[in-house]
Amino acid sequence: MSPLFGFGAVLVALSALASAASAQTAAADSSDPKMQAAVAELVTANHILAQEGIIPAYGHISMRSPLDPGRILISRALAPGLVTAKDIVELDLDCKPIVNPAPLLYQERFIHCAIYKARPDVGAIVHSHTPYLIAFSVTDVPMRAVYNSAQWMGPAPAPVFDESTTGLVENNLIASAAAGRALAEKLGQGSIVLMRGHGSTVAAKDVQSVVTAARTAELNAIILLNAKLIGGNITYLDPKQYGNARIVQESGSRGWEALKEKASNK
């Protein structure tokens, strides 16, 4: 083979690689209106959760890509209140970035990837370290729904994931695919899992629902703790009394609109 032919083959290969790379644009640079809307919504969600004290500096929210259910959108490793559209990255369900080189990513992104892989019904996830939920993660007192807006939690106590039982040594973090799978298994088909001495993870159908759920989970913990301090028997929600689909829908959408308005006027 002549040197010129060999050089030409290299150019063709490099051109093909360049074309493939250009097709994998960053989420914020996408011209697709669905992707643009999703990125904007995820940025707003980060700001709301930061303002409400759910994930002020540490913690993260993600959503399933509107264009490919095998991909997720999440911010690069950044305080949520500082997130912009340019900070949103796209990962596959093995937590590998679609566009390289990728920025520094959240160490615990494996929480999200594992749950999305195990639960096709989940469209958004929040991982937080709110103090009242952590309090219930380190006792044997069950965390159960006690007020209307927390009915999404279901009738059973929130399960508690204890990473020390897995044999993994990750500083009580979910820093590997194996730890992520173990957490997803503990979550099961539920909507919330507490993480011993660490925090909690909430899963829902979409961003609006998961933001509202993450906030009401902490409020539920505060109410339950205060009720126990008052003393006497606790009356938990009876699931037989909650079958109104409109209540469930409005608890997410109305809460989202109120929080979004508050965040826009900060």
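Because the model is predicted, local features are reported at pLDDT of at least 70 and side-chain atom pairs only at pLDDT 80 or more, whereas totals for chains, interfaces and linings use all residues. Residues are numbered from 1 along each chain as its sequence is written, and side-chain values use heavy atoms, with hydrogens and water left out.

A search of the whole structure finds 1 disulfide, a term that denotes a pair of cysteine sulfur atoms within 2.5 Å. A disulfide is a covalent bond between the sulfur atoms of two cysteines. Here the partners are Cys95 and Cys113, with their sulfur atoms 2.0 Å apart. The pair links distant parts of the chain, 18 residues apart: Cys95 belongs to the loop between β3 (88–92) and α3 (110–118), and Cys113 to helix α3 itself. Helices (H or I, at least four residues) and strands (E, at least two) are DSSP runs, numbered from the N terminus. The link is right-handed, with 110° about the S-S bond. Both cysteines, Cys95 and Cys113, are buried; buried means under 20% relative accessible area, exposed over 50%, and partly exposed in between, calculated with a 1.4 Å probe on protein chains only.

The relative accessible area of Cys95 is 4%. The loop between β3 and α3 also holds Pro101, which is joined to Asn100 by a cis peptide bond with omega of about 0°.

A positive phi, about 60°, is found again at Asn172, likewise not a glycine. Asn172 is placed in the loop between β5 and α5 and counts as partly exposed, at 24% relative accessibility.

Helix α5 covers residues 177–187, and its buried residues are Ala179, Gly180, Ala182, Leu183, Ala184 and Leu187. These buried residues pack against α3, β5 (160–161), β6 (192–195) and β7 (199–204). After α5 comes Gly188, with a positive phi near 60°.

Side chains of opposite charge can pair when their charged atoms come close. The whole structure contains 10 salt bridges, each defined by a side-chain nitrogen of Lys or Arg within 4 Å of a carboxyl oxygen of Asp or Glu. One of them joins Asp162 and Arg196, whose closest N and O atoms are 2.7 Å apart. This pair links distant parts of the chain, 34 residues apart, with Asp162 in the loop between β5 and α5 and Arg196 in the loop between β6 and β7. Asp162 is partly exposed at 21%, and Arg196 is partly exposed at 30%.

Another salt bridge connects Asp87 with Arg76, the closest N and O atoms being 2.6 Å apart. Asp87 and Arg76 both lie in the loop between β2 (71–75) and β3, so the pair ties together parts that are 11 residues apart in sequence. Asp87 is buried, with 7% relative accessibility, while Arg76 is partly exposed, with 28%.

Finally, Glu52, Arg215 and Lys262 are linked in a network of salt bridges. Glu52 lies in the loop between α2 (33–51) and β1 (60–64) and is buried, with a relative accessible area of 18%. Leaving aside neighbours within four places in sequence, Glu52 is in contact with Arg215, Leu259 and Lys262, where contact means heavy atoms within 4.5 Å.
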